[in-house]
Amino acid sequence: MAGNGVFAEILDGEVFKYYADGEWKKSSSGKSVAIINPTTRKTQYKVQACSQEEVNKVMDSAKSAQKLWAKTPLWKRAELLHKAAAILKEHKAPIAESLVKEIAKPAKDAVTEVVRSGDLVSYCAEEGVRILGEGKFLVSDSFPGNERTKYCLTSKIPLGVILAIPPFNYPVNLAVSKIAPALIAGNSIVLKPPTQGAVSALHMVHCFHLAGFPKGLINCVTGKGSEIGDFLTMHPGVNCISFTGGDTGIAISKKAGMIPLQMELGGKDACIVLEDADLDLVAGNIIKGGFSYSGQRCTAVKVVLVMESVADALVEKVKAKVAKLSVGAPENDCDITPVVSESSANFIEGLVMDAKEKGATFCQEYKREGNLIWPLLLDNVRPDMRIAWEEPFGPVLPLIRINSIEEGIHHCNASNFGLQGCVFTKDINKAIMIGDAMETGTVQINSAPAGGPDHFPFQGIKDSGIGSQGITNSINMMTKIKTTVINLPSPSYTMG
């Protein structure tokens, strides 16, 4: 159970503590933030509402701890990460339970997220030893006009304090995808989890605490974005921000100043279906890509662009699969569970009603109970409908019929998003040409978009983000190059 057993010390009465300087603490503000269960729509948990003064103290301890951590041998950093990964997987049950209750993630998917997160931490430890254990050696006479009088040694050094802000939909996995690269590279971490997902993140942080990391190296502050959000992202003690989420990221990027940013800000991932595509394969991937975790994924299929000649056949196949999706509580492992909040459900409903008013074909009856929205495929969607462009983040999928490949590419590229896209065809030459033309960070050929495996590069263009994630890219992004030049009194040539 959440907050019990080895996790008992993170809970004080009804309120979960925050983590700073190696200790679980209560906020001096005396205030808390409620976490609403999306299924019951009642308060499930409460977390501390940290103050700006407490954020200042966290930043100071993170800065001090980082100086010592950077001197810790690389193999020792990796050893501690492996230990944390093992503890995380050992205690997957209470963390998964938190995910079910605070973000309505289906039970089996919640367990998978925790196990996947442990695997990510271990892989990151190994990859970090390889990447950071190597440097470059350059000699000056490789550039015109120079004698061999300079030896240049380059290595990767940590940035300092990393501010990590994960989203509600993967509050454990997308937190460790920031924490593990930062730590192996010699940085310290200040984690600001999403409100919905904060308790899962606090349990995850306790696993790192149990692994024995130095005090002050890992910190987790909870609270209201209105009080500590800008204060955190604009704090002079922050040396890098890794953020995953929505439009907030654009505002952060404008305020952050001269520090490295790693951001993934959502998508409107297009699925282009050609005449020769395997429609059974397409339908299966549309269901997986469009409706898993109720469509609350940045890499969910968000719009289907299908050639008119095969549209009717594809719609029938998708409708048959939608009818088999189970709808209900996450505890029952249903395919479609309540979306994260009432405001999200209202936004999704607004997109659906707009499509209805403008003549979209409803392949199923629109049905909603509280935050629970039944899966819905909208056929004959046109570009003048909001759903054609806006990201619903729910189990509603628009289908647009196209008459040419160029029309599909144009719609994909007209979006302000550019995270991922996919194309289904048996013609590999067409697949490559379409993929090259799609303005997205990743193109999947004959598969739905996905954010993993976690060591693959993961990036968006346009409003979908800055920089690239994935274990290797994150390690490189959370370091900077340090150069040492040895100046010789006279040219030196080995084996002379």
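Colleague: Which residue in β15 stands opposite A270?

Modeller: Bear in mind throughout that this is a predicted model. Strand β14, residues 270–273, is joined to strand β15, residues 303–307, by four bridges, and the two strands run parallel. Within this pair, the residue of β15 that stands opposite A270 is V303.

Colleague: Which are the edge strands of the open sheet?

Modeller: Seven strands form this open sheet with mixed pairing, and their order is β16-β19-β20-β15-β14-β22-β23. An edge strand pairs on one side only, and that holds for β16 (361–362) and β23 (442–445). The edge strands are therefore β16 and β23.

Colleague: Why is α3 called oblique to α4?

Modeller: Two packed helices are described by the angle between their axes and the distance between the axes. For helix α3 (residues 92–103) and helix α4 (residues 107–132) the axes are 8 Å apart and the packing angle is about 130°. Because an angle over 145 degrees would count as roughly antiparallel and one of 65 to 115 as roughly perpendicular, the angle of about 130° makes α3 oblique to α4.

Colleague: How many nonpolar, polar and charged residues are there in the contact of α3 with α4?

Modeller: The helices meet in a right-handed crossing. On the α3 side the contact is made by K92, I95, A96, L99 and V100, while α4 contributes A107, A110, V111, E113, V114 and V115. Sorted by class, the contact has nine nonpolar, no polar and two charged residues.

Colleague: Is E97 buried or exposed?

Modeller: E97 has its place in helix α3, and, apart from neighbours within four places in sequence, E97 is in contact with M1, A2 and Y45. The relative accessible area of E97 is 17%, and since the cut-off is under 20%, E97 counts as buried.

Colleague: What separation is found between the C-alpha atoms of V396 and D427?

Modeller: V396 lies in strand β20 and counts as buried at 3% relative accessibility. Residues up to four places away in sequence not being counted, V396 touches F291, I348, V352, L376, L378 and I387. D427 is 31 residues from V396 along the chain, and their C-alpha atoms are separated by 29 Å.

Technical notes. Residues are numbered from 1 along each chain as its sequence is written. This is a predicted model: local features need pLDDT of at least 70, side-chain atom pairs count only at pLDDT 80 or more; totals for chains, interfaces and linings use all residues. Side-chain values use heavy atoms; hydrogens and water are left out. Axes are lines fitted to C-alpha atoms, for helices over the stretch in contact, and angles run from 0 to 180 degrees between N-to-C directions. Angles under 35 degrees count as roughly parallel, over 145 as roughly antiparallel, 65 to 115 as roughly perpendicular and the rest as oblique. A crossing is left-handed if the near helix is turned anticlockwise from the far one by less than a right angle, and right-handed if clockwise. Contact means heavy atoms within 4.5 Å. Ala, Val, Leu, Ile, Met, Phe, Trp, Tyr, Cys and Pro count as nonpolar, Asp, Glu, Lys and Arg as charged, and the others, Gly among them, as polar. Buried means under 20% relative accessible area, exposed over 50%, partly exposed in between (1.4 Å probe, protein chains only).
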